[in-house]
Amino acid sequence: MQEKDFLEKMAEIMDTEAELSMDTVLKDVEEWDSLSYVAFLAFGATIAKEKIWPADVKAAETLRDLYNLLMGDK
Amino acid sequence: MSIDSKIAQVVGVAASVPDKQFDLMDLDIDDYTLKRTMKLTGIHKIRQAPPEMSAADYCIDAAKKLFRDLSIDPKTIDGIVMLTPHPNYIYPGDSGLIQSALGIPTKCIVMDINHSCTGVIYGIFTASLLVESGQCQNVLVCCGDTAAKHMNPRDRALKMVAGDGGSALLVTAGGKLPMKYSFVHDGSGLKYLYTPAGGERMPIQPGVTDIESTDAEGNVRTLEEEFMDGLEVMRFVMNEMPPRVDEVLAQQGWSKDEVGAFVFHQANEFMVKSLVRAMKLSKKKAMVQVDGYGNIGGGSVLLAMCLEREHRSEWQKTVLCSFGTGMSGAALAADFSETHFCEVSECSTVQVEV
């Protein structure tokens, strides 16, 4: 998945209108909440190479961290 | 259908829910959170049982409807399997109450299984064993829950999805196609969806177990109320359920395209849609029936089937898939083309007497 597609998908998953970049800090996005964790995990289960664990989702600090989880590159 | 066949089949299905709807907008939760959650879950209104009503009441009401529709004499029932995590009494279970309420003879096998959302498939499986062993002819399976009563009104993780209700189905011999199952269970995941206090491990202790606390996400609950870690539940479901569905398809020799109906546990709209996406299934074949009811627990797949009875005709190759507390999951591939689906009934009065 390309970074551009990932950012579009993340805007959809979080249902946010915030400007997103790979360096966006997740805690600065109001919509990065428990609903978004679950939505991200569900999305990840359909495309990630490795299984994604809840603790990794919660520990992610930036969008790049989430991208790396999807790409299997922690 | 062949009367010689010992193959178990589900001849009829019924569901019953509380008569009044509860609007989730009336919860003491801020509007932003309410609307954001509803957009994902697809649930705006639920059915919630009043304090005096139990899962068994809704199951009995569903069974009565089933017996009326199929002209079944309760005297012909010789097995009852009841599945609920919230029985009327700590002991014994509800199956005997169901027996006496329905006028089912005393010469009868009764049993209670403490399963919740996965209950219906465990129920069909157990009833099938009783029928195929030759021990029973007509087994009533009841599956229901009144979990919504046991949740904190400020716990949006649970309160905004759970509803109450019950279901009933009848298993007899005479089927054409053996039903195929796949089960998964991870007991180490019990802690992700359970009620900590109230059993033997942590008895209720006023001033300790009834004190509210707030978690990192702002959900409020006591130890006597249900707890769910939604992220862990999602992980279990997304990892474990697609392989279960694949297994039952392989056992029947069906392709995904051949299947007429996929009936997933109606946890919420997002979870059903996520599974559909992950398994690349046709959206039209996977029913979503959550709004106006909520996730009613083990009976949710039967409620969905009854609600869709008029809109669907493709039941010959049907896959049921349930999952929940345990962590537990199951899938079933079976022919439901000869199964009668009752209109959903509503119940407002206590059905059991002691």
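Tutor: Start with chain B: its mean pLDDT is 95, and 99% of its residues reach 70 or more. This is a predicted model.

Student: What are the ipTM and pTM scores?

Tutor: The ipTM is 0.90 and the pTM is 0.94.

Student: Which peptide bond next to B:P92 is cis?

Tutor: The one that joins B:Y91 to B:P92, with omega at about -10 degrees. B:P92 sits in the loop between β4 (79-83) and α3 (95-102) of chain B.

Student: And what is the peptide bond from B:G326 to B:M327 like, cis or trans?

Tutor: That bond is cis, with omega near -10 degrees. B:M327 is in the loop that lies between β14 (318-324) and β15 (328-334) of chain B.

Student: OK, phi angles. What is phi for A:D15?

Tutor: Near 55 degrees, which is a positive value in a residue other than glycine. A:D15 is in the loop between α1 (3-14) and α2 (34-47) of chain A.

Student: How does A:D15 count in terms of accessibility?

Tutor: A:D15 counts as partly exposed because its relative accessibility is 38%.

Student: What about B:K280, what is its phi?

Tutor: Phi of B:K280 is near 55 degrees, again positive in a residue other than glycine. The residue belongs to the loop between α7 (269-278) and α8 (300-307) of chain B.

Student: Is B:K280 buried or exposed?

Tutor: Exposed, because its relative accessibility is 70%, and the cut-off for exposed is over 50%.

Student: Switching to strands. How many residues of β6 (138-145) in chain B are buried?

Tutor: Eight of the eight, so β6 of chain B is largely enclosed by the rest of the structure.

Student: Which of them point which way?

Tutor: B:N138, B:L140, B:C142 and B:G144 point one way from β6(B), while B:V139, B:V141, B:C143 and B:D145 point the other way. The residues of both sets are buried.

Student: In what sense do β4(B) and β6(B) pair, parallel or antiparallel?

Tutor: Parallel, over five bridges. B:L140 in β6(B) is the bridge partner of B:I80.

Student: And how many bridges join β6(B) to β7 (165-172)?

Tutor: Eight, and β6(B) and β7(B) run antiparallel. B:N138 has B:T172 in β7(B) as its bridge partner.

Student: What is the strand order in the sheet with β8, β13, β14 and β15 of chain B?

Tutor: β8-β15-β14-β13, an open sheet of four strands with mixed pairing. Its edge strands are β8 (180-185) and β13 (261-264) of chain B, each pairing on one side only. On average, neighbouring strands of this sheet are turned by 10 degrees against each other, direction ignored.

Student: How many bridges between β14(B) and β15(B)?

Tutor: Seven, with the two strands antiparallel. B:V319 has B:A333 in β15(B) as its bridge partner.

Student: Which strands does helix α6 lie across?

Tutor: α6 (230-252) of chain B lies across β8, β13, β14 and β15 of chain B, and runs at about 155 degrees to β8(B).

Student: Last one: what does UniProt annotate at residues 249-333 of chain B?

Tutor: An unreviewed UniProt entry gives "domain: Beta-ketoacyl-[acyl-carrier-protein] synthase III C-terminal" for those residues. In the model, residues 249-333 of chain B are 26% helix and 20% strand, with the end C-alpha atoms 7 Å apart.

Methods:
Residues numbered from 1 in each chain as written. Chains lettered and ligands numbered in written order. Predicted model: local features only at pLDDT ≥ 70, side-chain atom pairs only at ≥ 80, totals over all residues. Heavy atoms only, no water. pLDDT = per-residue confidence, 0-100. UniProt positions renumbered as here; feature names shortened; annotations may be inferred. Buried < 20%, exposed > 50% of the residue type's maximum accessible area, 1.4 Å probe, protein only. Pairing = 2+ DSSP bridges. Axes fitted to C-alpha atoms, helices over the stretch in contact; angles between N-to-C directions. Contact = heavy atoms within 4.5 Å.
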